[in-house]
Amino acid sequence: ERRGMVGKWHIGHHKQELLPLNRGFTSFYGHYNGALDYFTHQREGELDWHRNLETSHDEGYSTDLIGREAASFIDQSPADKPFFLYVAFNAPHSPMQAQAADLAKYANVDGENRRIYSAMVDSMDQAIGVVLEALEKNKIADNTFVLFFSDNGAMQWGNNEPWRSGKGSVYEGGVRTPAMVRWPAGGLSGGGKVDGLMGMIDVYPTIKRLAGVTSEDPNQIDGIDVLDVRRGAAEAPVRGGFSSIAQGRPGQIAVCTD
């Protein structure tokens with residue numbers, strides 16, 4: 001089975017035992033740390049771009065490279081075998097860097113950082129399009145479960161309305177983000193909307209069911225399988241959750257309820 005990871009890893013940094021190939025993935029392309037230069041692929045003066053366990057000197061805007069590599073992974077996957085592909089775009093994380101062609105589209109937007117931010121999101125959208133086109137080209141789009149989500153709300157140059165605050169906060173603007181899913185063959189063909197409380201902890205048990213894995217987990221899992229909720233075949237369970245953050249500032253914590 002092919003299990004690919006493309007983009008930002010950011011778990012354990014350079015420690016060999018914590019790198020993707022030692023955590024269940026069969027291939028990796030991208031960067032270990034976060035906030036790297038989009039053009040030079042450097043962080044704090046060191047090149048942070050890799051293919052599997054080797055340094056990569058590929059040139060190009062990192063968002064483009066991530067999209068192309070993800071599409072290549074799909075192209076190289078046998079048509080009769082399933083694969084798992086985790087694509088983690090660094091965009092639109094700092095540093096604020098965009099390509100000239102993307103910036104030109106937002107010349108009328110007020111504020112330099114807002115223009116750059118808009119262009120960075122646009123670039124990510126284009127890269128996602130490259131990935132989706134690869135699914136179409138390989139005639140597997142209908143039977144591929146595609147899930148897209150963000151790990152936090154937009155930075156100050158984005159727009160989280162009507163929610164309060166944004167990234168770095170436990171207010172709804174910081175922790176409540178949209179997620180989209182597509183799987184026509186599985187009853188997720190578009191147009192549906194679910195407002196029930198769900199979180200990233202639910203991704204693993206949902207994908208586990210999709211993969212047909214029935215074994216017991218050695219540790220307690222807080223997330224739940226939300227596939228039937230997404231299909232509209234079940235009501236979202238009434239449950240609470242909490243969010244916390246303490247990155248270089250006094251800690252914040254919030255309780256979330258339906």
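Modeller: In this predicted model, helix α5 spans residues 203-210, and its buried residues are Pro-205, Thr-206 and Lys-208. Look down the axis of α5. The buried residues fall within an arc of 160°, so they line one face of the helix. Part of their cover comes from α6 (227-231). After α5 comes Gly-212, with a positive phi near 75°.

Now turn to a helix pair. Two packed helices are described by the angle between their axes and the distance between the axes. For α1 (residues 62-75) and α3 (residues 112-137), the angle is about 10° and the axes lie 8 Å apart. Angles under 35 degrees count as roughly parallel, and α1 and α3 are therefore roughly parallel to each other. On the α1 side, the contact is made by Thr-63, Asp-64, Gly-67, Ala-70, Ala-71, Ile-74 and Asp-75. On the α3 side, the residues include Ser-123, Met-124, Ala-127, Val-130 and Val-131. Ala-134, Leu-135 and Lys-137 of α3 also take part. Sorted by class, this contact has nine nonpolar, three polar and three charged residues.

Next, follow the chain out of α1. Ser-77 sits in the loop between α1 and β7 (83-88). Its relative accessible area is 10%. Buried means under 20%, so Ser-77 is buried. Leaving aside neighbours within four places in sequence, Ser-77 is in contact with Arg-2 and Phe-83. With Arg-2, the link is a polar contact of 2.9 Å between the two side chains.

Conventions: Residues are numbered from 1 along each chain as its sequence is written. This is a predicted model: local features need pLDDT of at least 70, side-chain atom pairs count only at pLDDT 80 or more; totals for chains, interfaces and linings use all residues. Side-chain values use heavy atoms; hydrogens and water are left out. Axes are lines fitted to C-alpha atoms, for helices over the stretch in contact, and angles run from 0 to 180 degrees between N-to-C directions. Helices (H or I, at least four residues) and strands (E, at least two) are DSSP runs, numbered from the N terminus. Angles under 35 degrees count as roughly parallel, over 145 as roughly antiparallel, 65 to 115 as roughly perpendicular and the rest as oblique. Contact means heavy atoms within 4.5 Å. Ala, Val, Leu, Ile, Met, Phe, Trp, Tyr, Cys and Pro count as nonpolar, Asp, Glu, Lys and Arg as charged, and the others, Gly among them, as polar. Buried means under 20% relative accessible area, exposed over 50%, partly exposed in between (1.4 Å probe, protein chains only). The arc is that of the directions from the helix axis to the C-beta atoms. A polar contact is a pair of N or O atoms within 3.5 Å; within protein, one must be able to donate a hydrogen and the other to accept it, and residues adjacent in sequence count only if both atoms are side-chain atoms.
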